[in-house]
Amino acid sequence: MKTTRPRVLFVCTHNRARSQIAEAVLRRRAGARIEAASAGSEPAPVVHPLALRMVAELGGDPAAHVPKGFA
């Protein structure tokens, strides 16, 4: 029997700060047990610098965090 891991999508308007941080926190806490992602309805051009700093402090790769949209 194939087991799939749960997926969590953090959605907001700009995908610039809070949803990026939430994604990083869940990735840090759950590891490979849960697939985490974030997206925005109107993605900003860049992630907020303080959010990127928090991602780095959580052990994530800030370069991997870019605003993403959803369709």
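**Note on charges and salt bridges**

1. In this predicted model, the mean positions of the chain's 11 positive and 5 negative charges lie 6 Å apart. Lys and Arg count as positive, Asp and Glu as negative, with His and the chain ends not counted; each charge is placed at NZ of Lys, CZ of Arg, CG of Asp or CD of Glu.

2. A word on the basis: residues are numbered from 1 along each chain as its sequence is written, and side-chain values use heavy atoms, leaving out hydrogens and water. Local features need pLDDT of at least 70, and side-chain atom pairs count only at pLDDT 80 or more, while totals for chains, interfaces and linings use all residues.

3. The whole structure holds 4 salt bridges (a side-chain nitrogen of Lys or Arg within 4 Å of a carboxyl oxygen of Asp or Glu). One of them joins Arg 7 and Glu 35 at 3.4 Å, N to O. This pair links strand β1 (residues 7–12) to strand β2 (residues 35–40), 28 residues apart (strands are DSSP runs of E, at least two residues; helices are H or I, at least four).

4. Have a look at Glu 23, which is linked with Arg 27 and Lys 68 in a network of salt bridges. Glu 23 is buried at 4% relative accessibility, whereas Arg 27 is partly exposed at 43% (buried is under 20% relative accessible area, exposed over 50%, partly exposed in between, with a 1.4 Å probe and protein chains only).

5. The Arg 27 to Glu 23 bridge spans 2.9 Å, N to O, within helix α1 (residues 18–30). Lys 68 meets Glu 23 at 3.8 Å, N to O; Lys 68 sits in the segment after α2 (49–57), 45 residues from Glu 23.
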